[in-house]
Amino acid sequence: MVRIATARDADVVATLLHDFNTEFDTPSPGVGALAARLRELLPTDTTLALLAGEPPGGVALVTLRPNVWYEGPVALLDELYVRPDLRGRGLGTALLERAVEHVRARGAELFEVNVDEGDTGARRFYERHGFTTTPQGQSDRMLYYEREL
């Protein structure tokens with residue numbers, strides 16, 4: 001049901017990522033640009049894409065980076081998307097669970113997810129799967145900031 005994407009899957013992964021951005025009115029560089037980047041990144045140890053279904057109807061894109069606070073890499077779930085007609089069937093859960101398994105096997109000790117504050121459905125989904133906005137032993141919520149360069 002869920003498999004690791006290879007560089008040969010770049011067009012499929014790119015199409016799903018582009019569809020995700022289009023659905024939520026987020027800019028996308030287009031399928032061609034995404035596919036070209038994915039063909040370069042997927043063969044590396046720093047980028048992991050998982051596909052769900054056949055033909056694929058869902059994708060999880062994860063990047064891993066070194067971090068001074070952990071011996072292994074820190075994983076970031078860049079995107080998790082399931083086509084609207086396939087939602088509610090457990091594909092998102094399957095993608096997330098397999099992503100966790102794969103990054104843990106690669107030595108990751110922390111898995112980060114960024115979610116828009118207003119996306120209560122996504123927030124509930126990640127909280128249901130053990131993700132939190134409050135680090136263990138603390139009472140203040142974490143916030144994410146960004147700045148395009």
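How much accessible surface does the chain have, and what percentage of it belongs to carbon and sulfur atoms? In this predicted model, the accessible surface comes to about 9,600 Å². Carbon and sulfur atoms account for 51% of that surface.

The next topic is the order of the elements. The chain contains 4 helices and 5 strands. Read from the N terminus, these elements follow one another as β-α-α-β-β-β-α-β-α. The radius of gyration of the chain is 15 Å, close to the 15 Å that the globule rule gives for 149 residues, so the chain is as compact as a globular protein of that length. The C-alpha trace spans about 45 × 35 × 30 Å along its principal axes.

Of the 149 residues, 36% are buried, that is, under 20% relative accessible area. When contacts between residues at least 6 apart in sequence are considered, 57% of them join residues at least 24 apart.

One part of the fold can be followed strand by strand. Strand β4 covers residues 74-82, and strand β5 covers residues 110-113. The two strands run parallel and are joined by 4 bridges. Within this pairing, Ala75 stands opposite Phe111 of β5. Between the two strands, the chain passes from β4 through helix α3, residues 91-105, and on to β5. This β-α-β crossover is right-handed. As for side chains, in a regular strand they alternate between the two faces of the sheet.

How values were computed:
Residues numbered from 1 in each chain as written. Predicted model: local features only at pLDDT ≥ 70, side-chain atom pairs only at ≥ 80, totals over all residues. Heavy atoms only, no water. Pairing = 2+ DSSP bridges. Right-handed = clockwise from strand over helix to strand, strands pointing away. Rg over C-alpha atoms; globule rule 2.2 N^0.38 Å. Buried < 20%, exposed > 50% of the residue type's maximum accessible area, 1.4 Å probe, protein only. Contact = heavy atoms within 4.5 Å. Areas by Shrake-Rupley, 256 points an atom, 1.4 Å probe, with all protein chains shown as cover.
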